[in-house]
Amino acid sequence: LEKFKGIIPAFYACYDDAGEVSENRTKEFCNYLFEKGVKGLYVGGSSGECIYQNLDERKATLKYVSETLKGKLTLIAHVGAPSTRESVILAKYAEELGYDALSAIPPIYFKLPESSIDKYWSEIIDSTDLPFIIYNIPQTTGYSLSMNLFKKMLENKKVIGVKNSSMPVMDIERFKACGGENVIVFNGPDEQYVSGRLIGADSGIGGTYAAMPELFLQAEEFVSSGNFTDARRIQTDINDIIIALCSLNGSMYSAIKELLKLRGLNIGSVRGPLEEVSGEDLFKIEGIKESIDQ
Ligand code: HMN
């Protein structure tokens, strides 16, 4: 399980200037993150705008990433989709491409009973030989993973962990206490990376890591060497930046993509209904860039 421990950025959707998924830009983004020294990538999750892409686009992204980084970084494919059928298609494709693990949110839109969530995840898991990481993100899916279902899912040895994006850090402690050493708990909320690690997270997957990989890598170094004063200082720097990115007049992902352009990487913009940052707020991103570079 060591290959899943470290800083694992959630990969962003990469578009060309017409808003189509771009092979070149996806591969450039892969190389950019590889050079920064991250451990792996979480491809096609919230940050990958999975909900706004069709099956072919999601497959294309999975393919470009594996073509660039297979064997170099740990690759996790998020395959959650509106129907079980589509999720299974993506899961099988990710296996063919050589991904290291699968992950999925619970079913979206309908409020389904836990039995349906169990069945949904289990059908995805049964469709391949890959390990599986549960994705708990109640603020977007409306479902909060219960201890009961967590325990039940862990009976399947292919389930190796949970990416927990719920806000109470205690949830991380509870999942770790229940799963023990053979289960990986990934910290989800980037604003609580340091506290998540201290209370039991083994690793982290986050939507803002790729905007400032240097800071998360540094925070992880301080946490793992037991230097909590400096870890906390970096967390404060990170949070100031996240709050600044979220206070602009467009979506956070648009702000991050504009920031990446200033950092020398163009992966296009976001897809509607996510809004683009515009006007004066674009200038504010220059200030954010400077605070990362410091
Ligand atoms: C993903 O692509 O699935 C992201 O990693 C999700 C991740 O947990 C993010 N949560 C949400 O978007 C709700 C966080 O990294 C989040 O972007 C960050 O904490 C800033 O608020």
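Reader: Which loop holds Tyr109, and is Tyr109 buried or exposed?

Author: Tyr109 lies in the loop between β4 (101-104) and α4, where helices (H or I, at least four residues) and strands (E, at least two) are DSSP runs numbered from the N terminus. Its phi is near 75 degrees, a positive value in a residue other than glycine. Burial goes by other C-beta atoms, placed from the backbone, within 10 Å: 20 or more is buried, 12 or fewer exposed, in between partly exposed. Tyr109 has 8 such neighbours inside 10 Å, so it counts as exposed.

Reader: What sort of model is this?

Author: Residues are numbered from 1 along each chain as its sequence is written. Local features need pLDDT of at least 70 and side-chain atom pairs count only at pLDDT 80 or more, while totals for chains, interfaces and linings use all residues, since this is a predicted model.

Reader: What about Glu49: where is it, and is it buried or exposed?

Author: Glu49 sits in the loop between β2 (40-43) and α2.

Reader: Which peptide bond is cis?

Author: Look in the loop between α11 (252-262) and α12 (280-293), which is where you'll find Pro273. Omega is about 10 degrees at the cis bond joining Gly272 and Pro273.

Reader: How do α1 and α2 lie relative to each other?

Author: α1 covers residues 23-36 and α2 residues 55-69, and they pack at about 45 degrees with axes 9 Å apart. Axes here are lines fitted to C-alpha atoms, for helices over the stretch in contact, and angles run from 0 to 180 degrees between N-to-C directions. Under 35 degrees counts as roughly parallel, over 145 as roughly antiparallel, 65 to 115 as roughly perpendicular, and the rest as oblique. So α1 is, relative to α2, oblique.

Reader: Which α2 residues does α1 meet, and how many nonpolar residues are in that contact?

Author: Contact means C-beta atoms, placed from the backbone, within 7 Å. On the α1 side you have Glu23, Thr26, Lys27, Cys30, Asn31 and Phe34, and these meet Thr61, Tyr64, Val65, Thr68 and Leu69 in α2. By class (Ala, Val, Leu, Ile, Met, Phe, Trp, Tyr, Cys and Pro nonpolar; Asp, Glu, Lys and Arg charged; the others, Gly among them, polar), the contact has 4 polar, 2 charged and 5 nonpolar.

Reader: How many charged residues are in the contact of α4 with α6?

Author: α4 (114-126) and α6 (147-154) pack at about 30 degrees with axes 11 Å apart, so α4 is roughly parallel to α6. Glu114, Ile117, Asp118 and Trp121 in α4 meet Leu149, Lys152 and Met153 in α6. By class that's 4 nonpolar, no polar, and for charged, 3.

Reader: Is Met153 buried, exposed or partly exposed?

Author: Met153 is in helix α6. Not counting residues up to four places away in sequence, it touches Trp121, Ile134 and Val159. With 19 C-beta neighbours inside 10 Å, Met153 counts as partly exposed.

Reader: How far apart in space are Leu102 and Gly264?

Author: Leu102 belongs to strand β4, and its 26 C-beta neighbours inside 10 Å make it buried. Beyond four places in sequence, its contacts include Ala77, Val79, Ile124 and Phe132. Gly264 is 162 residues away along the sequence, and the C-alpha to C-alpha separation is 31 Å.

Reader: Which residues come nearest to the ligand?

Author: α5 (138-141) and β8 (203-206) each supply at least two residues of the shell around the ligand. The shell divides into 6 nonpolar, 10 polar and 2 charged. A residue counts as near if its C-beta atom, placed from the backbone, lies within 6 Å. Of the 18 residues around the ligand, those coming nearest are Ala10, Gly45, Ser46, Ser47 and Gly207.

Note on methods. Contact = placed C-beta atoms within 7 Å.
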